[in-house]
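Let's walk through this structure, beginning at the ligand and ending at a sheet. Have the viewer open as you read.

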Amino acid sequence: MADKPIDGGRRIRALVSTALKPATIVDMKDNSNVATRLDPLAWLDDDLAQLDANSLRRERRVGRRVDAAHIEFDGRKYVNFASNDYLGLADHPRVVAAAEAAAREHGWGAGASPLVTGRHAAHARLEARLAEFMGTEAALVLPTGFAANLGTIAALVGRGDIVFSDALNHASLIDGCRLSRATVSVYDHNNLEELERQLAATPSSMARRRLIVTDSLFSMDGQTPRLAELCDLAERYDAMLLVDEAHALGVVGPNGRGVCEAMGVEGRISARVATLSKALGSSGGFVAGSAKLIEWLANRARSYVFSTAATPASAAAAMAALDVVIAEPQRRLQLHDNLLRLTDALSILGWRLSAVDRSRVGDLQPTLGAIVPVIVGDSRQALDLAAQLAERGLWVPAIRPPTVPVGTARLRISLSCAHTPDLLARLVTALGELAN
Ligand SMILES: Cc1ncc(COP(=O)(O)O)c(C=O)c1O
């Protein structure tokens, strides 16, 4: 609605439609006149109230890291079951020292996008190291994992193409698909029979290029797709395959290269995306693949070309973290031990650890990573459980729609190798009490 001019600085209350409340009118002053107009953001009051009513409003707390297993909120210390710092590397002395040294060498900010002057030696070194670690010809570092997914998908497909996406893929994959302007075909979570039907129904004449995108370890479920069969389908139907290893890098696979390594399909993936912000304890994202893929992305991934490069210090920190991942495999082994210990105990207590309907998708791979969902169903109930755990000094987030499908609200437990048997036992005991 247009601004209403005010005569002589007098406040005029606009005539508003019945849908708009008086509180939606604001006064705006300039030097001589006072203009009154409707608040264009007034609808947010109603929509935020709706979030409250549905127990979906998010709180932005300020936490203080105590150590890899503990966090403090409002002066109270909790066992942290909500961090993605799976290997406890975010404050590892080598990681912190590398960041400090890089900040001194390069300054803090990268100063520009990578193709202008923002690509520093720390980025180039990390890219070479990541390619070596992942066993690919090349790698490209982007400001975040989110940016890596957005940029890669939109650079690989566009109008006239089709992208097939698992229904539970991470938001960055979903947004990358939408941004690409390719036709998006969503298949039921892990339902490769449905994916095959969709692939078969799309003759080459209808799609210039095809791309399948999937998480390798679903962030709210902790489960992995049947990757070998996905590769078979991609090859049979002449499709590219992008796999997001955000939650698996450093955690899964004999060498920590992710689910693709664990399942022996690394050489069959067109683009492997991951983040530096979880097990590597830093920030930034990357894509690993063939030299021509990386060359194309460096030219065409908009989130690479048109965004300031990651800070050189975070690149250096990630490189140091990678060295620790290689030198200290016991961190990964301890994490797996913690995973088995917890899932066994929770299964005995009768908690449901998967929201997936197995009758529709067949067998699921066992959970490999560090994420254990405890399915509750109702959002309010999930919040109540999280609050009761917090009263016991255990920080476990309640995950609600739209992050997860309606009716599958859950507690999401993130494990760390820094969780001791005592800390895990505290969680199991608390969940045992709450189960009754
Ligand atoms: C599966 C998945 N992919 C990508 C990302 C994005 O990574 P980043 O936090 O580096 O933007 C996340 C992060 O939360 C994730 O869970």
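Helix H5, residues 145–156, gives the largest share of the shell around the ligand, namely three residues. (Helices are DSSP runs of H or I with at least four residues, strands are E runs of at least two, and both are numbered from the N terminus.) This is a predicted model, so local features need pLDDT of at least 70 and side-chain atom pairs pLDDT 80 or more, while totals for chains, interfaces and linings use all residues. Residues are numbered from 1 along each chain as its sequence is written, and side-chain values use heavy atoms, with hydrogens and water left out.

In total, 15 residues surround the ligand, where being near means having a heavy atom within 4 Å. Among the closest are Asp-244, His-247 and Thr-275. By type, the shell has two nonpolar, ten polar and three charged residues; Asp, Glu, Lys and Arg count as charged, Ala, Val, Leu, Ile, Met, Phe, Trp, Tyr, Cys and Pro as nonpolar, and the others, Gly among them, as polar.

Now for the polar contacts, meaning pairs of N or O atoms within 3.5 Å. A backbone N or O atom of Gly-145 is 2.8 Å from a ligand oxygen, and a polar backbone atom of Phe-146 is 2.9 Å from one. Lys-278 uses a side-chain N or O atom, 2.7 Å from an oxygen of the ligand.

Elsewhere, an open sheet of four strands runs in the order E3-E4-E5-E14, with mixed pairing; strands pair if DSSP finds at least two bridges between them. Strands E3 (63–67) and E14 (394–395) are at the edges with a single partner strand each, so one side of each has no neighbour in the sheet.

Note on methods: A polar contact is a pair of N or O atoms within 3.5 Å; within protein, one must be able to donate a hydrogen and the other to accept it, and residues adjacent in sequence count only if both atoms are side-chain atoms.
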